[in-house]
Amino acid sequence: MTKKNLTEKKLLEGMTSYTAHPDLLSEVSIKAWTEMLEKAELITLNDAEYEKFVTYVNSGAEPAKVEALKKLFKRKAPWE
């Protein structure tokens, strides 16, 4: 069995302020946080839309998408 040594570039590939674990970020600038928060979107649903969304999540019709949503909703907000 051979060991693969990953470079720093490979380890950081695809990492963003949304995907990085807080322990991996040694220092976050105010500018970076501001940019991230400016990209955030508020999602509001009326009762009918909410019921439709819950039905979709519980349907299991698209397991990969549903699991991704469940994982997303379990994550702590970066500012908490």
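Trainee: At what angle do α3 and helix α4 pack, and how far apart are their axes?

Mentor: Two packed helices are described by the angle between their axes and the distance between the axes. In this predicted model, α3 and helix α4 (residues 63-74) pack at about 115°, and their axes lie 8 Å apart. Axes are lines fitted to C-alpha atoms, for helices over the stretch in contact, with angles from 0 to 180 degrees between N-to-C directions. The two helices are therefore roughly perpendicular to each other (65 to 115 degrees).

Trainee: Which residues of α3 and α4 meet?

Mentor: F53, Y56 and V57 in α3 meet K65, V66, L69, K70 and F73 in α4, where contact means heavy atoms within 4.5 Å. The residues of this contact comprise six nonpolar, no polar and two charged.

Trainee: Which elements have the lowest and the highest mean pLDDT?

Mentor: Where pLDDT is low, the predicted coordinates should not be read in detail. pLDDT is the predictor's confidence in each residue, from 0 to 100. Helix α1 (residues 8-12) has the lowest mean, 70, and helix α3 (residues 47-59) the highest, 88. The protein averages 76, and 71% of the residues score at least 70.

Trainee: How are residues numbered, and which are considered?

Mentor: Residues are numbered from 1 along each chain as its sequence is written. Local features need pLDDT of at least 70, side-chain atom pairs count only at pLDDT 80 or more, totals for chains, interfaces and linings use all residues, and side-chain values use heavy atoms, leaving out hydrogens and water.

Definitions and conventions
Helix = DSSP H or I, 4+ residues; strand = E, 2+ residues; numbered from the N terminus. Parallel < 35°, antiparallel > 145°, perpendicular 65-115°, else oblique. Nonpolar A, V, L, I, M, F, W, Y, C, P; charged D, E, K, R; others polar.
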